[in-house]
Amino acid sequence: LVYVPALLGRVSPTRIENTAVSNIVLKQNVDLLTHNAVARALHSAGFDVVTQRSATVLSGRIEALNADDARPPYRWTLTIRYFVTERATGRVRYASPQTVHAEAGKLTNRLYVLDDLVQASIRALLANPAFQRALD
């Protein structure tokens, strides 16, 4: 996964965009944390995430990760554009953004929120008929 806001220089690789005066900075890069959360969510859903035998490859771009945290309720948004490509040819079989939201009455642990957002994103992705067809 690529963290587009950091790639564009809008934030550092460890920072989540937010509306409050203080910054939300993580100890690890957002792309790595998100990649690991995606792998856990897919593994929990029954996917073999480390196989090289698969004819298709899932990849993605984190297009947005932000928190509206100026005052409660705090609203979090994650947008990942997922891609399914054929391993042999590189042909893209699926490309679509998936946006999910979460709301909290108080500012909670950011890693828990990120994990919850990724799990919601993967649930929505797996329920998408176009994504399912791309895996066939």
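## Close-up views of a predicted model

**View 1. Glu86 and its partner Arg91.** The side chains of Glu86 and Arg91 are joined by a polar contact of 2.7 Å. Like everything in these views, this pair comes from a predicted model. Glu86 belongs to strand 5. Is Glu86 buried or exposed? Its relative accessibility is 17%, and buried means under 20%, so Glu86 counts as buried. Setting aside neighbours within four places in sequence, Glu86 is in contact with Ala55, Thr56, Arg91 and Arg93.

View 2. The chain has four helices and six strands. Followed along the sequence, these elements give the pattern β-α-β-β-α-β-β-β-α-α. The radius of gyration of the chain is 15 Å, close to the 14 Å that the globule rule gives for 136 residues, so the chain is as compact as a globular protein of that length. Along its principal axes, the C-alpha trace spans about 45 × 30 × 20 Å. Buried residues account for 39% of the 136 residues. If you count contacts between residues at least 6 apart in sequence, 57% of them join residues at least 24 apart.

**View 3. Strand 5 and its two pairings.** Strand 5 covers residues 74-86, and eleven of its 13 residues are buried. Which strands pair with strand 5? One partner is strand 4, which runs antiparallel to strand 5 and is joined to it by twelve bridges. Within this pairing, Ser59 has Phe83 of strand 5 as its bridge partner. The other partner is strand 6 (residues 92-104), again antiparallel and over twelve bridges. Here you can look for Thr77, which stands opposite His101 in strand 6. In a regular strand, side chains alternate between the two faces of the sheet.

**View 4. The two hairpin turns.** This view moves to the ends of the paired strands. Five residues make the hairpin link from strand 4 to strand 5. Strand 5 and strand 6 also form a hairpin, with five residues between them.

**View 5. Glu63 and its two arginine contacts.** Glu63 sits in strand 4 (residues 56-68). Which side chains make polar contacts with the side chain of Glu63? One is Arg61, at 2.9 Å, and another is Arg81, at 2.6 Å. Leaving out residues up to four places away in sequence, Glu63 touches Val4, Pro5, Arg10, Thr79, Arg81 and Pro97. Glu63 has a relative accessibility of 21%, so it counts as partly exposed. Gln98 is 35 residues from Glu63 along the chain, and their C-alpha atoms are separated by 9.6 Å.

**View 6. Helix 2 and its buried side.** Helix 2 takes in residues 30-44. Its buried residues are Val30, Leu33, Thr34, Ala37, Val38, Ala41 and Leu42. Because these residues cover an arc of only 165° around the axis, they lie on the same side of helix 2. What covers them includes strand 1 (2-3), strand 2 (15-18), strand 4, strand 5 and helix 3. Ala39, also in helix 2, is partly exposed, with a relative accessible area of 23%. Ala39 and Ile122 are 83 residues apart in sequence, yet 9.7 Å apart in space, C-alpha to C-alpha. As for length, the 15 residues of helix 2 should span 21 Å at 1.5 Å a residue, which agrees with the 21 Å between its end C-alpha atoms. Just after helix 2, Gly46 takes a positive phi of about 100°.

**View 7. Helix 3, from its start to its packing.** Helix 3 spans residues 110-127. At its start, a side-chain oxygen of Asn109 reaches to within 2.8 Å of the backbone nitrogen of Leu111. The end C-alpha atoms of helix 3 are 26 Å apart, in agreement with the 26 Å that its 18 residues should span at 1.5 Å a residue. Which residues of helix 3 are buried? They are Val113, Leu114, Asp115, Leu117, Val118, Ser121, Ile122 and Leu125. These buried residues pack against helix 2, strand 4, strand 5, strand 6 and helix 4 (129-135).

Note on methods:
Residues numbered from 1 in each chain as written. Predicted model: local features only at pLDDT ≥ 70, side-chain atom pairs only at ≥ 80, totals over all residues. Heavy atoms only, no water. Buried < 20%, exposed > 50% of the residue type's maximum accessible area, 1.4 Å probe, protein only. Contact = heavy atoms within 4.5 Å. Polar contact = N/O pair within 3.5 Å; in protein donor to acceptor, adjacent residues only side chain to side chain. Expected span 1.5 Å × (residues − 1). Arc of directions from axis to C-beta. Pairing = 2+ DSSP bridges. Rg over C-alpha atoms; globule rule 2.2 N^0.38 Å.
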